[in-house]
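The account begins with a side-chain contact and then turns to the strands, the backbone and the ligand site.

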Amino acid sequence: MGHIPSEVLEQAAALVDQADRVVCLTGAGVSAESGIPTFRDAQRGLWSRYRPEELASPEAFDAHPGRVWRWYMWRLGLVERARPNPGHRALAQLARLVPHLTLITQNVDSLHEAAGSPDVIHLHGRLDRFRCHDCEQPYALRPQDREADRPPSCPRCGGRVRPDVVWFGEPLPPRPWQAALAAVAACDCMWAVGTSGVVYPAAQLPQMARERGARLLVVNPEPTELDPWATITLSGPSGAVLPALVARVAARRSRAESRGGA
Ligand code: NAD
Ligand code: ZN
C-alpha cells in the first residue's frame, strides 16, 4: 500500500469529498482477504478439477444436481466461517461520512452486511438464501440439507431447491438491477473495487457513470478492463487501500467541520 503516493490518495479523497452521491460497486476481490477465493483463482482441493462455469449454470444443475448442491454447501461453509476484512469495514464507515452512499455488490457472501453496511444491493443474489428452481418459492435450509447428496425438494411443487444466486446465462434479478441503474444515473462519484470489469451487465455500471460525467475510482491490485475509464486508479489490495482512503475522507470532513463550527 505504501506504493500509492500520498498525493494520489489525497486527490481521490478530494473527489469523494466533493461528491453528494457516491456509488460503490464491489466484486470478489473485496472478499479475497477474508479467505473467499475469487473465481479467477484456482478452485481449492476437491473442486479444482471443475471450472465454475461447469457448476454455476442451469445446465450443470440439470445434468448433475447432486454435484452442484454439494459445491454450494461447501461454498456456504466457506462464507459462513469468513469474517469481514478492513476493506468491508471501511465501506461501512464511508456510509456514515458521505451524504448518500449506495453499495452495490456482485458478491454472494454477506460480508458487507456483517461489517455493518446498510441496504446492500446484491446483483448476483446470496449464497445463504434458497428457493425452488421451478416455482421460485423461498426455502429455509435445514441442517440435514447441508450433508445431503442431492438438493432438497420444494414442499410446494416438488421441484429442486437451489441457491438464490444468479448463474451463468441467467438474467439479473430485476429489482436490484433497476436500483443499481437508478443510483448510477444519479451519482457524481463511483468506485469500482475488486472487480475485473469483465462480468456483464455489472461491468456496464462504471462505464455508464463515466458517460454521465461522474468521476470513477478503481481499486484493484491488478490492471482491469475499467482502467481506461478511471479518473484515478488506486493499485493495491482493498483491505489496505480502502481504510487509507476512507481515513483521508474522514480527515477532510473533520477539518471542514472544525472550520465551519463554533
Ligand atoms: P471479478 O470478476 O470481480 O474479479 C476479481 C477481481 O478481484 C480481479 O480483478 C482481481 O484482480 C481482484 N482482486 C484480487 N484480490 C484483491 C484484493 N485483495 N483487493 C482488491 N481486489 C482484488 O470476480 P470473479 O472472481 O471473476 O467472479 C465473478 C462473479 O462470481 C462475481 O461477481 C460473483 O458473482 C461470483 N463470485 C462471488 C464471490 C463472493 O461472493 N465472495 C466469490 C467468487 C465469485
Ligand atoms: Zn417449487
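## A side-chain contact in a loop

The side chains of R49 and Y50 make a polar contact with each other, at 3.5 Å. R49 belongs to the loop that runs between α2 and α3 (58-63). With a relative accessible area of 61%, R49 is exposed, because the cut-off for that class is over 50%. These values, like the others in this report, were computed from a predicted model.

## The six-stranded sheet

An open sheet is built from 6 strands, with parallel pairing and the order β3-β2-β1-β7-β8-β9. At its edges stand β3 (121-122) and β9 (232-235); each has a single partner strand, so one side of each is left without a neighbour in the sheet.

Strand β1 (residues 21-26) has 5 of its 6 residues buried and is therefore largely enclosed by the rest of the structure. Its pairing with β2 is parallel and comprises 6 bridges, and V22 has L101 of β2 as its bridge partner. Strand β1 also runs parallel to β7, to which 5 bridges join it. In that pairing, C24 stands opposite W191 of β7.

Strand β2 (residues 100-105) is in turn joined to β3 by 2 bridges, again in parallel. Here I104 is placed opposite I121 in β3.

## The three-stranded sheet

A further open sheet consists of 3 strands in the order β5-β4-β6, with antiparallel pairing. Its edge strands are β5 and β6, each of which pairs on one side only.

Strands β4 and β6 run antiparallel and are joined by 5 bridges; G125 has V165 in β6 as its bridge partner. Strand β6 (residues 161-165) is mostly covered, as 4 of its 5 residues are buried. Between β4 and β5, which are likewise antiparallel, there are 2 bridges. R131 stands opposite P138 in β5.

## Backbone features in the loops

Most residues other than glycine have a negative phi, and most peptide bonds are trans. Several positions in this model depart from that pattern. The peptide bond from Y200 to P201 is cis, and its omega is near 5 degrees. P201 is located in the loop between β7 (189-193) and α9 (204-211).

D119, a residue other than glycine, has a positive phi, near 55 degrees. The loop that holds D119 lies between α6 (111-115) and β3, and D119 is exposed there, at a relative accessible area of 71%. E136 also has a positive phi although it is not glycine; the value is near 75 degrees. E136 is found in the loop between β4 (125-132) and β5 (138-139). Its relative accessibility is 54%, so E136 counts as exposed, given that the class requires over 50%.

## The ligand site

The shell holds 25 residues, and the closest are F39, Q106, V108, H124 and S196. By class, 9 of the shell residues are nonpolar, 12 are polar and 4 are charged. Helix α2 (residues 29-32) supplies the largest share of the shell, with 3 residues.

Backbone and side-chain atoms of the protein both approach oxygen atoms of ligand 1. A polar backbone atom of F39 is 2.6 Å from an oxygen atom of the ligand. For V108, a backbone N or O atom lies 2.7 Å from an oxygen atom of ligand 1. In the case of T195, the atom concerned is an N or O atom of the side chain, at 3.4 Å from a ligand oxygen. Taken alone, ligand 1 exposes 850 Å², of which the protein buries 90%.

Notes. Residues numbered from 1 in each chain as written. Chains lettered and ligands numbered in written order. Predicted model: local features only at pLDDT ≥ 70, side-chain atom pairs only at ≥ 80, totals over all residues. Heavy atoms only, no water. Near = heavy atom within 4 Å. Polar contact = N/O pair within 3.5 Å; in protein donor to acceptor, adjacent residues only side chain to side chain. Areas by Shrake-Rupley, 256 points an atom, 1.4 Å probe, with all protein chains shown as cover. Nonpolar A, V, L, I, M, F, W, Y, C, P; charged D, E, K, R; others polar. Pairing = 2+ DSSP bridges. Buried < 20%, exposed > 50% of the residue type's maximum accessible area, 1.4 Å probe, protein only.
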